[in-house]
Amino acid sequence: MIIGGRAFDFDRYTYVMGILNVTPDSFSDGGRWNTTDKALRTALKMAEEGADIIDVGGESTRPGYTKISDDEEINRVVPVIERIKKETDIPVSIDTYKSGVARAALEAGADLVNDIWGLKYDSYMAKVIAEHKIPCCIMHNRKDTDYTDFLQDVKADLQESLQIAKAMGIADDKIIIDPGIGFAKNYEQNLLMIKNLSILKELGYPILLAASRKSVIGLTLDLPVDERLEGTLAITVYGALNGAGMVRVHDVKENVRALRMLQAIREV
């Protein structure tokens with residue numbers, strides 16, 4: 001897959017997506033990078049630490065988040081994307097479920113759309129992605145947690161999103177899927193999804209695993225958000241061994257080092 005002019009070989013490597021939240025209320029780092037200069041410095045630091053792509057988000061999607069307008073979200077993310085693309089050649093992802101925000105971000109230089117609602121929230125999202133002929137990440141999410149067969153239902157939900165993508169003309173080689181850890185899942189279901197990540201390989205698309213610092217780690221280890229690095233690293237390595245082609249993380253340096261070590265063992 002080509003993202004931002006770079007080739008990603010998900011069959012051989014697990015790549016690192018660095019999280020850059022330009023929001024005042026994200027669950028882990030809200031308010032830390034919500035000026036363009038601070039965000040740019042953080043993006044450059046992540047690139048130096050080995051990030052393969054930067055995921056820019058302008059609206060927190062933590063539990064109980066407050067939805068903001070398209071204009072406010074655009075005003076947060078567009079200047080940051082423009083500066084990152086001007087100062088570096090690292091690919092940039094826009095983390096949004098709104099087609100208007102996605103369009104503005106793509107026009108500002110974003111290279112991938114990361115949609116937490118898997119193209120189901122905004123009926124125009126798939127059209128925008130298809131028109132720009134750029135890759136997207138389709139995440140599993142739903143409004144209820146009324147599962148009959150949890151793992152099979154997650155697959156079926158993702159298949160619905162994939163059908164939307166195909167109907168609008170998004171090519172197979174421009175699709176990544178995400179199991180949606182922390183979204184429409186309880187504690188046990190999050191663990192079960194991570195454990196059984198490999199079943200999503202049956203769908204035939206690269207897998208993005210995004211569990212960095214999330215509540216499943218906090219509940220397991222009884223730790224606050226700022227002490228969940230080790231738990232994140234455990235999930236990163238487990239995910240890489242079970243089909244994850246990319247991990248979305250806050251702590252880039254540590255996750256890159258863990259994956260490099262794993263890669264060395266694999267290739268010996």
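This is a predicted model: local features need pLDDT of at least 70, side-chain atom pairs count only at pLDDT 80 or more; totals for chains, interfaces and linings use all residues.
Biologist: How many residues are in helix 2, and what does it span?

Modeller: Helix 2 covers residues 70-87, which is 18 residues. From first C-alpha to last it reaches 26 Å, close to the 26 Å expected at 1.5 Å a residue.

Biologist: Which of its residues are buried?

Modeller: Glu73, Ile74, Arg76, Val77, Val78, Val80, Ile81 and Ile84.

Biologist: Which residues touch the most other members of the largest nonpolar core?

Modeller: That core has 69 residues, and the ones touching the most other members are Val56, Ile81, Ile84, Ile170, Ile175 and Leu200. Ile81 and Ile84 are also among the buried residues of helix 2.

Biologist: What is Ile81 in contact with, leaving aside neighbours within four places in sequence?

Modeller: Val56, Val92, Ile94, Ala105, Ala108, Gly109 and Ala110. There is also a second, separate core of 11 residues, including Phe10, Met17, Leu112 and Ile176.

Biologist: Switching to charges. How many salt bridges does the structure hold?

Modeller: The structure holds 17.

Biologist: Glu73 was on the buried list for helix 2. Which residue forms a salt bridge with Glu73?

Modeller: Lys98, with the closest N and O atoms 2.9 Å apart. Lys98 sits in the loop between strand 5 and helix 3, and the two residues are 25 apart in the chain.

Biologist: Is that pair buried or exposed?

Modeller: Lys98 is buried, at 2% relative accessible area, and Glu73 is buried too, at 1%.

Biologist: What about Arg248, where is its partner?

Modeller: The side chain of Arg248 meets that of Asp95 in a salt bridge, 3.2 Å from N to O. Arg248 is in strand 10 (residues 244-249) and Asp95 in strand 5, 153 residues apart. Both Arg248 and Asp95 are buried.

Biologist: What does Asp157 pair with?

Modeller: Its side chain meets that of Arg142, at 2.9 Å from N to O.

Conventions
Residues are numbered from 1 along each chain as its sequence is written. Side-chain values use heavy atoms; hydrogens and water are left out. Helices (H or I, at least four residues) and strands (E, at least two) are DSSP runs, numbered from the N terminus. The expected span of a helix is 1.5 Å times one less than its number of residues. Buried means under 20% relative accessible area, exposed over 50%, partly exposed in between (1.4 Å probe, protein chains only). A nonpolar core is a set of buried Ala, Val, Leu, Ile, Met, Phe, Trp, Tyr and Cys residues joined through side-chain atoms within 4.5 Å. Contact means heavy atoms within 4.5 Å. A salt bridge is a side-chain nitrogen of Lys or Arg within 4 Å of a carboxyl oxygen of Asp or Glu.
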